[in-house]
Amino acid sequence: MPKDFSTMEDSNRSSNPTIHEVSDPARRLWLQGGLGLSLGALLSGCAAQSSGARAGGPPLMGFRGVPSSATDRVVVAPGYTATPLAPWGEPVGIAGQMPAFKFDASNSAAEQAVQMGMHHDGLNFYALDGSRRGLLAVNQEYTDEGLLHPDGQATWTAEKVRKSQAAHGITVIEIELQGSRWQMVRPSRYARRITATTPFAIGGPAAGHALMKTAADPAGGTVLGTIGNCASGKTPWGTYLSGEENWAGYFTAADVPTAHERRWGISKNTWNRWPEHDRRFDTVRNPNEPNRFGWVVEVDPGDPTSTPVKRTAIGRAAHEGAWVATTKDGRAVVYSGEDARFEYIYKFVSRDKIAAAGNGKTAAQANATLLDHGTLFVARFDADGSGRWLPVVHGSGPLTAANGFADQGEVVIKARQASDLLGATKMDRPEWLAIDERSGWVYCTLTNNSQRGAAGRPGVDAANPRANNTMGQIIRWKEQGDFSGESFQWNHLLLAGDPANPRAEAQGNIRGDMLAGPDTIAFDPRGLLWIGSDHSASGQGEFARMGNNALLACDPGTGEVRRFLVGPMNSELTGATWSPDGRTMFVNVQHPGSGSPRDGSNPRQFSNWPDFDLAGRPRSATLVIRKDDGGVIGT
Ligand code: FEO
Ligand code: CA
Ligand code: CA
């Protein structure tokens with residue numbers, strides 16, 4: 001999502017006195033060159049040492065790129081068709097509860113609770129029948145109240161808050177290929193909505209912790225709802241991981257927030273006015289309620305009766321999402337980051353091995369507590385191109401009772417404060433991660449950070465090498481040894497930018513089509529890396545030549561970037577997942593038409609995609625992308 005940091009998080013004022021404050025990117029490049037890498041590779045991408053490239057054979061990228069553009073249409077590469085599916089408001093397919101979407105947004109809260117939520121973000125495909133039938137799990141990241149209700153926030157009622165809460169969360173739908181077209185299967189026994197009021201269990205060291213207890217939940221064991229569900233990952237045991245990202249903005253605090261609240265960006269200002277009608281989100285009355293958000297949540301899409309779980313061992317953050325790699329001995333390594341300025345990148349290494357299905361249990365059931373036991377680490381990127389994973393473990397280094405951490409539960413609840421003390425590297429807003437299991441390289445988008453180098457804020461460092469970083473970069477690392485390794489080597493895949501930008505620091509080093517604000521990244525089944533951009537709404541100012549946000553592909557072997565698809569006005573392309581045969585790609589169009597008036601007076605001001613109904617409004621939706629000749633996407 002596009003973030004308004006003037007009203008939100010931007011709360012890392014810790015000093016982390018490390019080498020980063022004085023490091024010099026040019027020196028790092030020189031040092032890395034001294035380690036045997038070519039300077040050309042370091043400056044312009046990744047040719048020297050990657051990853052998905054195949055020796056010989058056809059190139060990974062075979063499609064013809066599209067130019068940047070700014071229209072209220074989806075523009076896709078020649079020879080491909082992109083069809084919208086399951087837009088906001090579409091009934092998900094729960095038997096007997098399939099109310100039609102009303103184009104004037106007059107559906108009730110109860111109806112919204114069984115319809116697709118708003119603002120689709122991460123998604124994953126779970127095959128039920130090869131590449132012909134499966135489930136889509138979809139994050140519904142946030143709401144645009146000016147579109148959600150006929151008169152937006154011109155009036156504000158408890159029913160509107162309930163509708164807003166019902167439009168958040170996660171959706172599971174069943175879909176199948178009929179001819180060459182994917183359709184929703186309705187009704188479906190898998191169809192499910194998880195909203196901001198659905199009961200969640202708590203797993204890991206924060207379960208039952210004093211800081212998790214509330215008047216409504218004195219045991220600290222059940223949380224109502226998930227919010228800010230941003231990126232998604234699919235586990236090897238068939239579950240869905242979703243990151244709770246911008247939860248802080250849903251709460252209101254006292255005039256003077258506590259230090260803990262300040263560190264997490266919680267203030268009196270609330271984003272969408274839930275606390276006016278739902279006092280659960282008022283921290284004066286419910287001081288511990290925010291501690292129950294900011295987790296990676298795990299859902300079993302194959303079992304609609306299963307209780308979703310907040311996995312606290314992975315640490316609390318403004319989590320973009322979480323992604324799993326597997327060690328050679330079969331343990332799970334969960335990479336995650338938090339999308340906020342000057343925050344951190346984490347990894348969690350499970351104690352136990354991933355269990356196989358059997359004895360009457362599905363793989364999901366056999367691994368029901370796998371992510372509750374293990375070791376959490378936070379990343380430090382050093383100027384010489386190496387890095388360390390620092391244990392975020394109670395009793396380790398400064399994480400002691402004397403420094404305010406009573407136990408591991410408090411460490412994970414206060415993961416930001418713990419990482420500050422450990423001297424982890426403050427990053428330029430880590431968004432998605434993508435793991436290339438074949439090569440061992442792990443990639444992370446650092447979308448932007450215009451405050452880098454500003455007065456009183458951290459300066460550039462080797463990993464975050466540009467001041468006033470409006471364009472973002474993609475960093476990557478390879479672990480020493482296995483994915484569980486505690487040190488790594490890193491470099492940048494690319495620095496995003498526009499080579500014609502008059503500001504040298506905004507030019508970047510992309511080989512191929514320009515982009516800004518890298519956000520979604522995901523590898524397709526062939527090892528092509530797909531990148532979604534998220535720059536300011538539809539190409540204004542410094543982004544004028546970028547046009548609307550786009551979906552691009554990068555051959556990690558050559559570093560070439562090519563634009564594949566451009567979204568409609570004021571949208572962003574989020575999430576990317578494929579049918580196992582690679583012949584269908586699913587990508588979300590999020591927040592088309594964002595920025596229209598909050599009072600609902602002009603819902604079609606910027607976009608009316610995808611329906612173009614004369615009395616309608618723009619709707620986020622999943623794009624189903626097929627090659628017209630039925631071939632593999634990207635070829
Ligand atoms: Fe939800 Fe960081 O984008
Ligand atoms: Ca973003
Ligand atoms: Ca994002």
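Colleague: How many cavities of 30 Å³ or more does a search of the whole structure find?

Modeller: The search finds 4 cavities of 30 Å³ or more. Please keep in mind that this is a predicted model.

Colleague: How would one look for empty space at all?

Modeller: A probe the size of a water molecule is rolled over the atoms, and this shows where empty space is left.

Colleague: How much space lies in the second largest cavity?

Modeller: The second largest cavity holds about 50 Å³ of space.

Colleague: And which residues line the second largest cavity?

Modeller: Its lining includes Met 514, Leu 515 and Ala 516, together with Ser 533, His 535, Met 546 and Arg 563. Asn 548, Asn 549, Ala 550 and Leu 552 also belong to the lining of this cavity. By class, 6 of the lining residues are nonpolar, 4 are polar and 1 is charged.

Colleague: How does the lining of the largest pocket divide by class?

Modeller: There are 16 nonpolar, 7 polar and 5 charged residues in the lining of the largest pocket.

Colleague: Now to the sheet. In which order do the 9 strands of the open sheet stand?

Modeller: The order is E14-E15-E17-E18-E19-E24-E23-E22-E21, and the pairing is antiparallel. E14 and E21 are the edge strands, each of which pairs on one side only. From one strand to the next, the twist averages 30°.

Colleague: What packs on the sheet?

Modeller: Helix H9 (residues 415-422) packs on it, touching strands E15 (331-338), E17 (345-353), E18 (374-381) and E19 (386-391). The direction of H9 makes about 105° with that of E17.

Colleague: How many bridges join E22 to E23?

Modeller: Strand E22 (residues 441-446) is joined to strand E23 (residues 473-479) by 6 bridges, and the two run antiparallel. Trp 441 stands opposite Lys 478 in E23.

Colleague: One last topic: which residues of helix H5 are buried?

Modeller: In H5 (residues 158-166), the buried residues are Lys 160, Val 161, Lys 163, Ser 164, Gln 165 and Ala 166. Their cover includes helix H3 (109-112), helix H4 (145-148) and strand E7 (192-194).

Key. Residues are numbered from 1 along each chain as its sequence is written. Chains are lettered from A and ligands numbered from 1 in the order in which they are written. This is a predicted model: local features need pLDDT of at least 70, side-chain atom pairs count only at pLDDT 80 or more; totals for chains, interfaces and linings use all residues. Side-chain values use heavy atoms; hydrogens and water are left out. On a 1 Å grid over the protein atoms alone, a cavity is a set of points where a 1.4 Å probe fits but cannot get out, and a pocket is an open set with protein on both sides within 12 Å along at least five of seven lines; lining residues have an atom within 4 Å of a point. Grid points are joined across faces, edges and corners, and a volume is the space filled by probe spheres set on the points. Ala, Val, Leu, Ile, Met, Phe, Trp, Tyr, Cys and Pro count as nonpolar, Asp, Glu, Lys and Arg as charged, and the others, Gly among them, as polar. Two strands pair if DSSP finds at least two bridges between them. Helices (H or I, at least four residues) and strands (E, at least two) are DSSP runs, numbered from the N terminus. Axes are lines fitted to C-alpha atoms, for helices over the stretch in contact, and angles run from 0 to 180 degrees between N-to-C directions. Contact means heavy atoms within 4.5 Å. Buried means under 20% relative accessible area, exposed over 50%, partly exposed in between (1.4 Å probe, protein chains only).
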